[in-house]
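Student: I have a model open and some questions about it. Can we go through them one at a time?
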Amino acid sequence: MELAPSILTADFTRLGAEVEAAFAAGIRWLHLDVMDGRFVPNISFGPLVVRSLRPLASRYDAIIDAHLMILEPERYIPEFVAAGCDRITVHAEACQHLHQTVQQIRGLGAKVGVAVNPATPLSALEEVLPDLDMALVMTVNPGFGGQKLLPSCLDKTARLRRLCEERGLGGLPIQVDGGVNTTNIAAARDAGATVSVVGAAVFNPNRTPAESVEALRAALS
Ligand code: DX5
Ligand code: ZN
């Protein structure tokens with residue numbers, strides 16, 4: 001299971017140090033939650049933060065994965081790629097022409113993911129599944145870090161894994177996102193997730209990122 005820390009709950013007065021501590025603990029995947037205040041009831045940050053973290057990520061050969069919780073993401077995909085994103089995930093619910101947006105991300109040389117919110121059926125992914133590098137199953141309602149994982153979304157993850165296998169896409173990476181911590185990360189893996197976003201479980205005032213990453217890896221072993 002790849003751990004992908006989300007910086008939403010990091011201490012933004014020392015963002016670089018927080019992220020470097022996660023890289024020093026072996027993290028090689030950074031998950032950046034981009035929010036527009038329209039698709040989700042919160043505003044986070046844009047390409048500026050990607051650009052600022054790109055050199056640090058490159059020093060550790062880490063990837064930057066942007067989770068665009070924004071309406072009409074096609075307007076900003078070129079900027080996020082130019083800012084240094086390796087992967088871009090858009091929401092099926094936010095795209096009028098999802099197949100076209102998937103092609104747009106691919107055409108710009110980034111790997112492409114599509115995310116579905118808890119109430120969105122897996123059928124929203126079906127037609128584009130063969131074109132994806134990753135599928136993202138939201139395990140909370142998007143907008144904020146530090147929420148509680150919705151167990152029904154792990155069942156949904158298992159159904160998506162079965163759907164992928166039925167379609168001959170058994171190797172498709174599945175990312176879970178929201179409320180993952182030491183108490184449920186093994187269940188997320190057993191449900192078929194291969195990448196786990198971890199926000200508050202890594203960036204929180206009670207433990208260092210290194211201690212948090214170690215606790216998550218212990219929960220998986
Ligand atoms: C919520 C974001 C999640 C969240 C994960 O909308 O997509 O990535 O920040 O953070 P935790 O792990 O704290 O729920
Ligand atoms: Zn996210």
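**Helix, strand, ligand and loops**

Tutor: Keep in mind that this is a predicted model. The buried residues of helix H4 pack against helix H3 (77-83), strand E4 (87-91), strand E5 (111-116) and helix H5 (123-126).

Student: Which residues of helix H4 (residues 98-107) are buried?

Tutor: An α-helix has 3.6 residues a turn, so residues three or four places apart point the same way. In H4 the buried residues are Leu98, Thr101, Val102 and Ile105. They share one side of H4, because they cover an arc of only 105 degrees around the axis. So the buried side of H4 is made by Leu98, Thr101, Val102 and Ile105.

Student: Which residues are exposed on the other side of H4?

Tutor: Exposed means over 50% relative accessible area. On the other side of H4, that label goes to Gln100 and Gly107.

Student: How many residues of strand E2 (residues 29-35) are buried?

Tutor: On one side, Trp29, His31, Asp33 and Met35 are buried. On the other, Leu30, Leu32 and Val34 are buried too. The count for E2 is 7 of its 7 residues.

Student: How much of the accessible area of ligand 1 does the protein cover?

Tutor: Around ligand 1 there are 20 residues, and the closest are Gly143, Gly146, Asp177, Gly179 and Gly199. A polar side-chain atom of Ser6 lies 3.3 Å from an oxygen atom of the ligand. Backbone N or O atoms of Gly199 and Ala200 each lie 2.8 Å from a ligand oxygen atom. Of the 380 Å² that ligand 1 has on its own, the protein covers 99%.

Student: Is Arg54 buried or exposed?

Tutor: Arg54 sits in helix H2 (residues 47-59). Leaving out residues up to four places away in sequence, Arg54 touches Ala62, Ile64, Ala83, Gly84 and Asp86. Its relative accessibility is 16%, and the cut-off for buried is under 20%. Arg54 therefore counts as buried.

Student: Where is Asp61, and what is its phi?

Tutor: Most residues other than glycine have a negative phi. Asp61 is in the loop between H2 and E3. At 67% relative accessibility, Asp61 counts as exposed. Asp61 is not a glycine, yet its phi is positive, at about 55 degrees.

Student: What distance separates the C-alpha atoms of Glu72 and Ala200?

Tutor: Ala200 has a backbone N or O atom 2.8 Å from an oxygen atom of ligand 1. Along the chain, Glu72 and Ala200 are 128 residues apart. Their C-alpha atoms are separated by 28 Å.

Key: Residues are numbered from 1 along each chain as its sequence is written. Chains are lettered from A and ligands numbered from 1 in the order in which they are written. This is a predicted model: local features need pLDDT of at least 70, side-chain atom pairs count only at pLDDT 80 or more; totals for chains, interfaces and linings use all residues. Side-chain values use heavy atoms; hydrogens and water are left out. Buried means under 20% relative accessible area, exposed over 50%, partly exposed in between (1.4 Å probe, protein chains only). Helices (H or I, at least four residues) and strands (E, at least two) are DSSP runs, numbered from the N terminus. The arc is that of the directions from the helix axis to the C-beta atoms. Contact means heavy atoms within 4.5 Å. A residue is near a molecule or strand if one of its heavy atoms lies within 4 Å of it. A polar contact is a pair of N or O atoms within 3.5 Å; within protein, one must be able to donate a hydrogen and the other to accept it, and residues adjacent in sequence count only if both atoms are side-chain atoms. Accessible areas come from the Shrake-Rupley method with a 1.4 Å probe; for residues, only the protein chains shown count as cover.
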